[in-house]
Amino acid sequence: MGMSAHDHIENLLIMAESNFVDYVKIYCRSGKGGRGSTHMRREKYTPNGGPDGGDGGRGGHVILRGNRNYWTLLHLRYDRHAMAGHGESGSKNRSFGKDGADKIIEVPCGTVVYNAETGEYVCDVTEHGQEVILLKGGRGGLGNWHFKTATRQAPRFAQPGEPMQEMTVILELKLLADVGLVGFPNAGKSTLLSAISAAKPKIADYPFTTLEPNLGIVSYRDGQSFVMADIPGIIEGASEGKGLGLRFLRHIERNSLLLFMIPADSDDIRKDYEVLLNELKTFNPEMLDKQRVLAVTKSDMLDQELMDEIEPTLPEGIPHVFISSVSGLGISVLKDILWTELNKESNKIEAIVHRPKDVSRLQQELKDMGEDEELDYEYEDDSDEDDLDYEYEEEDWEDK
Ligand SMILES: Nc1nc2c(ncn2[C@@H]2O[C@H](COP(=O)(O)OP(=O)(O)OP(=O)(O)O)[C@@H](O)[C@H]2O)c(=O)[nH]1
Ligand SMILES: [Mg+2]
């Protein structure tokens, strides 16, 4: 049964609340360093025992860690303040203060971090287990005994801990796949993915069936495999924000190969190809550096004669194949082509430069995602006025 336009719009609205979270805004704060102690040793028979104040502990870092068990950023929606612990102050007997606890943020592989205020690229996490220190905890201050000199037997000062750092960041998920599917809505992208992988994306005869990206593992000969990403259809103007395309185009930024999919019943395959290409280029010119393959989909609708007629009109300089996910036509040839292209040395080096975000555009996207709330955090001043026998003086970090 078909779906009315109205139902369809409903569906698009539901998307805003979908579980596929590919943007999340969080406030991060590292821990400040504990300060050095200014303690003076005073024992019964050594009233002027000298300085014995220990060093402060390091403040906790805010660390991002790649975790292949996460596929979205959803879990972070409920944990928007990532705060590491403060280092504890040093104390007498040259005792070190305890280090503050690190705050580890588990993220899916393919997470890119931007500064929410400036839109600047900060870092990315691509590998399982990879750890990136997003914000460094402050170093602990040195205790007063470090500052004892021949002429200064009783330094009544110590170093303060280094301050904490804070930053509100946008985490963005860019799926990592080898092959990205590019096509207009209804081109048969999801059908292909379901035909050659175990993925079960929704398929239907109306546009924008796919509202969120799907990944599938395509097995090739001898136990080898590659990953294919099916994203929502792209329409003309997608790079300016039309349809769903823009939001998802970034998911194929990291694919090393793009499979263009244009149905056999298109009026002008070459023109459709140019439109798609142009959208990619407008979005990010580097997308054109990727290797491309063209599949003419739904070719079960064609006979050999028609294929021979269409063939010379296809765009030059790009491998093409007539396929049908329904009849199986051309599918193994397609896999051969994809495998060959993926393994070409020239296609392996895939270095997308993360450009800064256009902040105004980003704000709109965040608003659409419900990610535009203010996250500033008010924290209590928990500076610990502990066992100080003396007026506390600070030895600046710069001096050391
Ligand atoms: N005859 C024929 N129909 C196909 C073939 N592949 C897909 N279709 C049909 O084309 C329609 C669209 O297929 P989808 O796979 O949902 O298309 P899509 O490109 O994922 O579409 P969006 O998710 O909206 O972007 C469905 O009705 C499919 O059954 C094919 O090889 N032959
Ligand atoms: Mg689809």
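This is a predicted model: local features need pLDDT of at least 70, side-chain atom pairs count only at pLDDT 80 or more; totals for chains, interfaces and linings use all residues.
**Notebook: core, sheets and ligand shell**

Residues are numbered from 1 along each chain as its sequence is written, and chains are lettered from A and ligands numbered from 1 in the order in which they are written.

I then looked up the overall content and found eight helices and 16 strands in the protein, where helices (H or I, at least four residues) and strands (E, at least two) are DSSP runs numbered from the N terminus. Buried residues account for 42% of the 400 residues; a residue is buried if 20 or more other C-beta atoms lie within 10 Å of its own, exposed if 12 or fewer, and partly exposed in between, with C-beta atoms placed from the backbone.

Next I returned to A295, which is listed with V182, L259, F260 and M261 as having the most contacts inside the largest nonpolar core, a set of 65 residues. Such a core is a set of buried Ala, Val, Leu, Ile, Met, Phe, Trp, Tyr and Cys residues joined through C-beta atoms within 7 Å. Strand β13 (residues 257-263) gives the most to this core, with six residues.

I traced the sheet that holds β13 and read an open arrangement of six strands in the order β11-β12-β10-β13-β14-β15, with mixed pairing; two strands pair if DSSP finds at least two bridges between them. β11 (214-219) and β15 (320-322) each have a single partner strand, so one side of each is left without a neighbour in the sheet. The twist averages 25° from one strand to the next.

I checked the pairings of β14 (residues 291-297): seven bridges join β13 to β14 in parallel, with L257 opposite Q291, and β14 pairs with β15 in the parallel sense over three bridges, where L294 has H320 as its bridge partner. Six of the seven residues of β14 are buried, so this strand is largely enclosed by the rest of the structure.

I also followed the helices over this sheet. Helix α4 (residues 269-283) lies across β10 (179-183), β13 and β14, at about 140° to β13, whereas helix α6 (residues 331-342) runs at about 175° to β14; axes are lines fitted to C-alpha atoms, for helices over the stretch in contact, and angles run from 0 to 180 degrees between N-to-C directions.

I then looked up the other sheet, five strands in the order β3-β1-β9-β5-β6, open and mixed in pairing. Its edge strands are β3 (81-83) and β6 (121-125). In β9 (residues 166-173) I placed T168, which is partly exposed because 17 other C-beta atoms lie within 10 Å.

Last, I examined ligand 1, which 24 residues surround, the closest being G188, S190, D205, T210 and G233; near here means a C-beta atom, placed from the backbone, within 6 Å of the molecule. Helix α2 (residues 189-196) gives the most to this shell, with three residues.

Note on methods: Two residues are in contact if their C-beta atoms, placed from the backbone, lie within 7 Å.
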